[in-house]
Amino acid sequence: MMSEKQPGPPRSIHPREGWHNIFTVQTSGEAQFNQGHMYEVSYQDRSILRLVYNIKDHELTGRSAVSVRCMLCGMKSRALGSFEDYPLIGTMDVNTIRPTLKMSTERILNHLGTQHGEDLGGVDDLDFFNSVMDSCGL
């Protein structure tokens, strides 16, 4: 399922012909503290990631990134117990270029694989990047 297209920067890396998103996406509304829109993604009917994208970041700074939080880790106390959220395991720059793509995906994929035994069917960096961007409607 592809998310509704968000206004913002066009991504710099696009999927190849015949590509499909490996995730099922559910829009979850606004993130806490006006951090942007939340998207919960599932892989094989298992909720694994919460993605947060804020168009205001692009409007204010010209940069856009998707924050990736691990739902498999469970909620953790943040800010001296003032709220709970899933742990941040990485960010992905919407405008990343091919030579730097691995830097933004490697930490996230490594966390899922080593901490939770989830290899997402052996997805490569490019398909993972495009699945995340597509899930956020970018």
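Which elements are included in what covers the buried residues of α3? The cover includes β1, β2, β3, β4, β7 and α2, where contact means heavy atoms within 4.5 Å, and where helices (H or I, at least four residues) and strands (E, at least two) are DSSP runs numbered from the N terminus. This is a predicted model, in which local features need pLDDT of at least 70 and side-chain atom pairs count only at pLDDT 80 or more, while totals for chains, interfaces and linings use all residues. Residues are numbered from 1 along each chain as its sequence is written, and side-chain values use heavy atoms, with hydrogens and water left out.

**Helix α3 and its ends**

Eleven of the eleven residues of α3 are buried, so this helix is largely enclosed by the rest of the structure; buried stands for under 20% relative accessible area, exposed for over 50% and partly exposed for what lies in between, with a 1.4 Å probe and protein chains only. Among the buried residues are Asp-125, Phe-128, Asn-130, Met-133 and Ser-135. At the start of the helix, a side-chain oxygen of Asp-124 reaches to within 3.3 Å of the backbone nitrogen of Leu-126, and just after the helix Gly-137 takes a positive phi of about 75 degrees.

**The nonpolar core**

The largest nonpolar core has 30 residues, and those with the most contacts inside it are Phe-23, Leu-49, Leu-51, Val-66, Leu-120 and Phe-128. Such a core is a set of buried Ala, Val, Leu, Ile, Met, Phe, Trp, Tyr and Cys residues joined through side-chain atoms within 4.5 Å. At least two of its residues come from each of β2, β3, β4 (65–70), β7 (88–93), α2 (98–116) and α3, with α3 giving the largest share, five residues. Leu-49, when residues up to four places away in sequence are not counted, touches a set that includes Phe-23, Tyr-39, Val-68, Ile-89, Leu-112 and Phe-128.

A search of the whole structure finds one aromatic pair. The rings of Phe-23 and Phe-128 have their centres 6.1 Å apart and their planes at 80 degrees, so the pair is edge-to-face; rings of Phe, Tyr and Trp (its six-membered ring) pair if their centres lie within 6.5 Å, with planes under 30 degrees apart counted as stacked, over 60 as edge-to-face and the rest as tilted. Because Phe-23 lies in the segment before β1 and Phe-128 in helix α3, the pair ties together parts that are 105 residues apart in sequence, and both residues are buried.

**Salt bridges**

The structure holds six salt bridges, each defined as a side-chain nitrogen of Lys or Arg within 4 Å of a carboxyl oxygen of Asp or Glu. Some of them are listed here.

| Pair | N to O distance |
|---|---|
| Asp-127 and Arg-16 | 2.6 Å |
| Arg-50 and Glu-40 | 2.7 Å |
| Arg-50 and Asp-85 | 3.6 Å |

The bridge of Asp-127 with Arg-16 links distant parts of the chain, with Asp-127 in helix α3 (residues 125–135) and Arg-16 in the segment before β1 (24–30), 111 residues apart. Asp-127 is buried, with a relative accessible area of 12%.

Arg-50, buried at 10% relative accessibility, takes part in a network of salt bridges that links Glu-40, Arg-50, Arg-69 and Asp-85. Glu-40 also counts as buried, at 18% relative accessibility, and Asp-85 is buried as well.

How values were computed:
Polar contact = N/O pair within 3.5 Å; in protein donor to acceptor, adjacent residues only side chain to side chain.
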